[in-house]
Amino acid sequence: VQLVESGGGLVQPGGSLRLSCAASGFTFSSYAMSWGRQAPGKERESVASITSTGGITNYADSVKGRFTISRDNAKNTVYLQMNSLKPEDTAMYYCGTHIPRGPTVVRYWGKGTLVTVSS
């Protein structure tokens, strides 16, 4: 399983960024995907998730109405559109999935892409 995030960077408050996560090594269209983030000194938190078909999405209260998760199963890619960014959105952003492996479920994360919101 390989998950490679991209699209992070420095953006001013109120700005927008679109993160991408290219997936490989598993049947992408069969599994839910998610985005999480971890700010310095804080634990990783879930930001958004999307079912395998894209029919159901969920968001953390802190990003609801500002972030949109989507996926393109033909491209094995999941996206996170982030609008109205705030300084408190500054964090390393990771995409992830969980895949059954025998009797257990293994959680996979990419290496992340850094988002910095600052003027």
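Asparagine 76 sits in the loop that joins β7 (67-72) to β8 (77-82). Strands here are DSSP runs of E with at least two residues, and helices are runs of H or I with at least four, numbered from the N terminus. The model is predicted: local features need pLDDT of at least 70, side-chain atom pairs count only at pLDDT 80 or more, and totals for chains, interfaces and linings use all residues. Residues are numbered from 1 along each chain as its sequence is written, and side-chain values use heavy atoms, with hydrogens and water left out.

Phi of asparagine 76 is positive, near 50°, in a residue other than glycine. Its relative accessible area is 28%, so asparagine 76 is partly exposed. The classes are buried (under 20% relative accessible area), exposed (over 50%) and partly exposed (in between), with a 1.4 Å probe and protein chains only.

Serine 84 lies in the loop between β8 and β9 (91-101). Serine 84 is not a glycine, yet has a positive phi of about 50°. With 40% relative accessibility, serine 84 counts as partly exposed.

Now the whole chain. It has eleven strands and zero helices. The chain has 119 residues; a compact globule of that length would have a radius of gyration near 14 Å, and the chain agrees, with 14 Å. That radius is taken over C-alpha atoms, and the globule rule is 2.2 Å times the number of residues to the power 0.38. Along the principal axes, the C-alpha atoms fill a box of roughly 45 × 30 × 25 Å. Buried residues make up 37% of the 119. Among contacts (heavy atoms within 4.5 Å) with a separation of 6 or more, 53% join residues 24 or more positions apart.

β1 pairs with strand β3 (residues 17-24) in the antiparallel sense, over five bridges. Pairing requires at least two DSSP bridges between two strands. Glutamate 5 has cysteine 21 in β3 as its bridge partner.

Beyond its neighbours within four places in sequence, glutamine 12 is in contact with Val117 and Ser118. Glycine 112 is 100 residues from glutamine 12 along the chain, and their C-alpha atoms are separated by 20 Å.
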